[in-house]
Amino acid sequence: MNLRSNLLRRNGYPYFGLFLAFLCLCLIAEAQEMPVPQRYVEDRANIVSDAVEKGLNGYLQELEQKTGAQMIVLTIDTTGDIPIETYALELAAKWKLGQKGKDNGVLVVFARNDRAYRIEVGYGLEGILPDSFCGTVGRIYFVPNFQKGH
């Protein structure tokens with residue numbers, strides 16, 4: 001009897017793994033429904049003032065014109081059950097930010113209700129914006145503002 005339960009338990013794991021993979025793909029598809037941005041600041045959570053949004057859009061447009069690098073800032077209420085890392089990565093891949101062949105795009109996602117953020121940097125900009133720098137920016141600027149309710 002013990003051998004049989006061990007066999008069932010062992011043979012059931014691949015199906016459970018397939019189920020989890022299917023569930024993840026469904027959740028990722030939900031993130032991919034977001035349309036391609038029309039502006040540099042996509043404030044879906046309505047947390048950025050009009051003046052700040054206008055200023056950021058101008059600055060980020062100038063950045064793209066002068067360097068070719070494209071940065072999009074997205075605010076949303078929540079990613080739902082999707083980890084913000086997965087959400088941002090899939091969205092950046094869908095939107096194909098930056099110049100073709102240079103992979104020089106950046107996506108900054110803020111999920112207000114999740115109190116989470118993610119900076120997704122294309123391979124072409126990793127030398128300029130390494131993970132350590134992006135992490136420092138997040139810890140110094142984003143986290144304290146989340147803690148203050150901003």
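Modeller: Thr75 has its place in strand β2, where strands (E, at least two residues) and helices (H or I, at least four) are DSSP runs numbered from the N terminus. This is a predicted model, in which local features need pLDDT of at least 70 and side-chain atom pairs count only at pLDDT 80 or more, while totals for chains, interfaces and linings use all residues. Residues are numbered from 1 along each chain as its sequence is written, and side-chain values use heavy atoms, with hydrogens and water left out.

Thr75 has a relative accessible area of 2% and is therefore buried; buried means under 20% relative accessible area, exposed over 50% and partly exposed in between, with a 1.4 Å probe and protein chains only. Leaving out residues up to four places away in sequence, Thr75 touches Glu42, Asp43, Arg44, Ala45, Asn46, Ile47, Val48 and Phe110, a contact being heavy atoms within 4.5 Å. Asp43 is also the bridge partner of Thr75, and the side chains of the two are joined by a polar contact of 2.5 Å. A polar contact is a pair of N or O atoms within 3.5 Å; within protein, one must be able to donate a hydrogen and the other to accept it, and residues adjacent in sequence count only if both atoms are side-chain atoms.

Strands β1 and β2 run parallel and are joined by three bridges, where two strands pair if DSSP finds at least two bridges between them. Towards β3, Thr75 stands opposite Phe110, and β2 and β3 pair in the parallel sense over seven bridges. The open sheet has four strands in the order β1-β2-β3-β4, with mixed pairing. Its edges are β1 (41–43) and β4, each with a single partner strand, so one side of each has no neighbour in the sheet. From one strand to the next, the twist averages 10°. Helix α2 (residues 50–67) packs on the sheet, touching β1 and β2, and its direction makes about 150° with that of β1. Helix α3 also packs on the sheet, touching β2, β3 and β4, at about 40° to the direction of β4. For these angles, axes are lines fitted to C-alpha atoms, for helices over the stretch in contact, and angles run from 0 to 180 degrees between N-to-C directions.

In β3, seven of its seven residues are buried. Gly105, Leu107, Val109 and Ala111 point one way from the strand, and Val106, Val108 and Phe110 the other way. Phe110 itself is buried at 16% relative accessible area.

The whole structure holds four aromatic pairs, counted when ring centres of Phe, Tyr or Trp (its six-membered ring) lie within 6.5 Å; planes under 30 degrees apart are stacked, over 60 edge-to-face and the rest tilted. One of them is the edge-to-face pair of Phe110 and Phe142, with 4.8 Å centre to centre and 80° between the planes. Because Phe110 lies in strand β3 and Phe142 in helix α4, this pair ties together parts 32 residues apart in sequence. Phe110 and Phe146 form another edge-to-face pair, at 6.4 Å centre to centre and 65° between the planes. Ring pairs link Phe110, Tyr117, Phe142 and Phe146 into a cluster.
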